[in-house]
Amino acid sequence: MPSSREMRLRIRSIKNLAQVTKALETVSASKVRRAIQSVTATKPYAQKAWQVLVHLADQPTHKNLHPLLVEKPTVNNKLVLVITSDRGLAGALNVNVLRNTLVHFKENSESIKYVAVGRKGRDLLLRSGCQVIADFSGLPSPPTFVDVSAIGRLLVDDYLAGGADQVYISYTNFVSMSRQVPVIRKLLPLDVTATEAESGFEVEHLKTNAVFIYEPDQKELLDEIVPRFTALQVFQAILSAQASEHAARMMAMHNASENASDLVGALQLEYNKMRQQMITSEMLDISGGAEALAQMIKE
């Protein structure tokens with residue numbers, strides 16, 4: 001049985017740990033709000049760019065306008081962008097992303113290459129024996145478009161060079177503060193006829209009968225907008241993953257703080273019982289000694 005001193009030290013250490021988890025919860029709550037605001041700020045441009053691409057889908061020759069819109073006849077190699085966090089203490093967030101990715105691409109895994117965003121995903125992929133060709137760690141929170149543009153450029157260049165026949169993105173989609181869902185979406189080639197679940201946009205809402213005038217022409221416009229839109233999708237996925245990370249960490253730290261409070265209460269009760277038992281034992285010793293002394297005086 002631990003001594004009273006050990007009990008006091010344990011209670012003190014748990015209280016200190018609860019202060020740390022509470023501080024992390026507060027920091028994550030602040031960061032998740034900024035991440036959500038950043039995701040919201042990118043939606044108008046993304047929806048307008050997607051509207052232009054959806055409009056091109058109604059044209060018979062739209063697939064010949066840009067190589068990033070062309071579906072290759074055979075798929076031999078795949079490139080997967082896996083987005084995780086740099087730090088832990090976020091529950092099962094990173095493990096769920098990696099498990100979902102490995103299960104989805106378990107067939108022909110030798111022909112699949114990975115690009116990791118986040119140290120946790122990179123380490124988990126390497127331990128699983130996966131081929132990681134690039135690593136992007138230490139991104140700011142929230143990042144700017146310039147911070148992630150190199151990732152989109154890498155994916156586009158590898159696809160155009162023939163290194164990958166399809167490019168996918170695996171990340172955690174932020175749904176609410178208590179719900180984050182790991183998802184996998186095809187990034188390249190861009191499928192402008194995709195459903196809302198596949199593209200992340202309200203396709204029916206974006207369809208329009210308006211007449212578009214392209215200047216200087218459709219091809220030059222697509223040469224600019226399609227790679228940029230691909231990078232924008234990566235940017236939005238990273239923002240959503242970071243919002244999910246902060247939300248998951250906030251919930252994990254909240255639960256840890258509550259568990260620490262419950263544990264302190266249980267230990268405090270046990271300590272009080274121990275102290276009460278010690279005081280009772282000392283009082284019995286004093287009473288016994290006084291009675292023995294009284295007997296000696298009588299004799």
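This is a predicted model: local features need pLDDT of at least 70, side-chain atom pairs count only at pLDDT 80 or more; totals for chains, interfaces and linings use all residues.
Q: Why is the pair of Phe105 and Tyr168 called edge-to-face?
A: The ring centres of Phe105 and Tyr168 lie 5.3 Å apart with 70° between the planes. Centres within 6.5 Å make a pair and planes over 60 degrees apart count as edge-to-face, so the term applies.

Q: What parts does the pair of Phe105 and Tyr168 tie together?
A: Phe105 belongs to the loop between H2 and strand S2 (112-117), and Tyr168 to strand S4 (residues 166-176), so the pair links parts 63 residues apart in sequence. Both Phe105 and Tyr168 are buried.

Q: What makes the pair of Phe145 and Phe235 edge-to-face?
A: The ring centres of Phe145 and Phe235 are 5.8 Å apart and the planes stand at 90°, so the pair is edge-to-face. Phe145 lies in helix H4 (residues 145-160) and Phe235 in helix H7, so parts 90 residues apart in sequence are tied together.

Q: Why does Phe145 count as partly exposed?
A: Phe145 has 27% relative accessibility. Buried requires under 20% and exposed over 50%, so a value in between is partly exposed.

Q: Why does Phe235 count as buried?
A: Phe235 has 7% relative accessibility, and the limit for buried is under 20%.

Q: How do you know that a charge sits over the ring of Tyr159?
A: The charged end of Lys72 is over that ring, 4.4 Å from its centre; the distance criterion is within 6 Å.

Q: Which helix gives the most to the lining of the second largest pocket?
A: H7 does, with five residues. The pocket has a volume of about 240 Å³.

Terms used. Residues are numbered from 1 along each chain as its sequence is written. Side-chain values use heavy atoms; hydrogens and water are left out. On a 1 Å grid over the protein atoms alone, a cavity is a set of points where a 1.4 Å probe fits but cannot get out, and a pocket is an open set with protein on both sides within 12 Å along at least five of seven lines; lining residues have an atom within 4 Å of a point. Grid points are joined across faces, edges and corners, and a volume is the space filled by probe spheres set on the points. Helices (H or I, at least four residues) and strands (E, at least two) are DSSP runs, numbered from the N terminus. Rings of Phe, Tyr and Trp (its six-membered ring) pair if their centres lie within 6.5 Å; planes under 30 degrees apart count as stacked, over 60 as edge-to-face and the rest as tilted. Buried means under 20% relative accessible area, exposed over 50%, partly exposed in between (1.4 Å probe, protein chains only). A charge sits over a ring if NZ of Lys or CZ of Arg is within 6 Å of the ring centre and within 35 degrees of the ring normal.
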